[in-house]
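This report is meant for someone meeting the structure for the first time. Please look over the sequence and the 3D view before reading on.

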Amino acid sequence: MAPKGKGKQKGKGSSKKTENRAQEPNCIFKPEIISNILSRLPLKTLLQFRSVCKQWRKLIYKPDFIVTHYRHSSSLQRTDSSMIIIQSRHDGRFNHNVLVQYKPPLPPVQVKNPYPIVFPKMSIAGPVNGILCIFQPPLGDALTLWNPAMNKSKMVMLSKTTNPSQKVSVGLAFDSQKKDLLILKIFCVPPFPGCTKTKVEFEIREMKYPLGWEKLKSRTNYFYIDKPSCDAIFKAEPYWLAYDYEEYIPGKYQRLVHFEVSKMDFEWWILPFIGVGDYYANLADFEDSLGFMVWTKTENSYIDVWEVDDKKFQWRKKCKIGPLFGFDRILGCLRNGEIVAENEEGVLLFYTVNKSELAVQNDENLYPCSVKNTLTVGNSEKGSHVIFDCPEGLLLIEGMVTVDPQDVLKWQSILSTNEDFIRQL
């Protein structure tokens, strides 16, 4: 018979091994293979797999895994877009904004709004790694970071040095080296006769570091931005259509401004010459390239799509799309190539580009398009829709909390009894 002491030690060792086996998944694959497989799963499935074992749960929250999963998620969702739509509603005396999630072919669903619905104005910058930044224009206050897929949000403290009357334009970026989310606020000073040429001032907030906002000056020449948020985000960096300081003509953009995270500064390109006359322009992530979309509003409208070679700093016309019928304004382009527009009745139109019917006209690639489907969101005001194609991501910011529903009736009651508060809004 074995000594009692040794027998007990053997029993303890066996129990510990059994416990370790219970904590680890019984899998023959190497950890890197497991990571590669998990990073390609839909977010909802992945969140369920957190309870499989401690190792998987720890892996899912690693910064490198979060970035890899978002890259795969963006690619997988390219054909099945997940959209967040802003719409304005008016309930009696109460103006507020509503957030609607739309995943075709499912019907649109109103989601919990993390942004205080008491504010009648709302704008969004993003998405970056599944995060949207909601704020109140034109001052960029009430900054709220929101991950709609995770239903988490956080309100960001404002800079104490910000001029309370200074208009800003907000952008969002991601630092791949530090695995950190960045918020930018560009101070927008419009050109006026006799003003001197100065450097652009902006503030930046790195969310992982508790140092708050840092105020900087760009090394580039002065440019002017007249929109509350960036026009597009491409490869996790923001882009704006901007005006040249010395040749400011409202509605005639001359520059493409880009915030480069590695340099923590702006760079810009001259936009391609479009010609004289009235035209409309938009930026979009078009087929894995940053597209500059230009069109004139006619009965049969065509969209010219330009793309920039950021290594040669040159523009080239990629293609022409059209004709587009029956729209009032174009809202943007989805990652799957569909163009979203709104007609005069406030109905959203989704135009699909028929790549298989390519034609060549005047040495240009022409892709015909047609309305694939339409969407009517009830109780919305005409011309109030703004659309964001938002892939699902795991990224969470420290301090984020679960978004709870807001009581619209409670806000209505407060506003109806407080005239001073109404006038401030």
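## Salt bridges, strands and backbone

Asp328 is partly exposed, with 21% of relative accessible area, where buried means under 20%, exposed means over 50% and partly exposed lies in between, for a 1.4 Å probe and protein chains only. The model is predicted, so local features need pLDDT of at least 70 and side-chain atom pairs count only at pLDDT 80 or more, whereas totals for chains, interfaces and linings use all residues. Residues are numbered from 1 along each chain as its sequence is written, and side-chain values use heavy atoms, with hydrogens and water left out.

The side chain of Asp328 meets that of Lys297 in a salt bridge with an N to O distance of 2.8 Å, the term standing for a side-chain nitrogen of Lys or Arg within 4 Å of a carboxyl oxygen of Asp or Glu. Because Asp328 lies in the loop between β20 (314-324) and β21 while Lys297 lies in the loop between β18 (289-295) and β19 (301-309), the pair ties together parts that are 31 residues apart in sequence. Strands here are DSSP runs (E, at least two residues), numbered from the N terminus. Lys297 is partly exposed as well, at 41% relative accessibility. Salt bridges with shared partners also join Asp304, Lys317, Lys320 and Glu364 into one network.

| Pair | N to O distance |
|---|---|
| Asp328 and Lys297 | 2.8 Å |
| Glu206 and Lys178 | 3.1 Å |
| Arg219 and Asp265 | 3.4 Å |

In the pair of Arg219 and Asp265, Arg219 sits in the loop between β11 (213-217) and β12, and Asp265 sits in strand β16 (residues 265-270), 46 residues apart. Arg219 is exposed at 59% relative accessibility, whereas Asp265 is buried at 5%.

The strand β21 (329-333) belongs to an open sheet of 4 strands, in the order β21-β22-β23-β26, with antiparallel pairing. Both β21 and β26 (369-375) stand at the edges with a single partner strand each, so one side of each is left without a neighbour in the sheet. Strands count as paired if DSSP finds at least two bridges between them, and β21 pairs with β22 (residues 339-342) over 4 bridges, with Arg329 having Glu342 as its bridge partner.

Another strand, β14 (237-244), has 8 of its 8 residues buried, so it is largely enclosed by the rest of the structure. Its antiparallel partners include β12 (residues 223-224), joined by 2 bridges, β13, joined by 3 bridges, and β15 (residues 255-260), joined by 4 bridges.

Most residues other than glycine have a negative phi, and most peptide bonds are trans. Lys235, in the hairpin of β13 and β14, which has 2 residues between the strands, takes a positive phi near 55°, and this residue is exposed at 67% relative accessibility. Ala142 also has a positive phi near 55°, but lies in strand β6 and is buried at 14%. The peptide bond from Gly126 to Pro127 is cis, with omega near 5°, and Pro127 lies in strand β4 (residues 123-128). A cis peptide bond also joins Pro137 and Pro138, with omega about 5°, and Pro138 is placed in the loop between β5 (131-136) and β6 (141-147).
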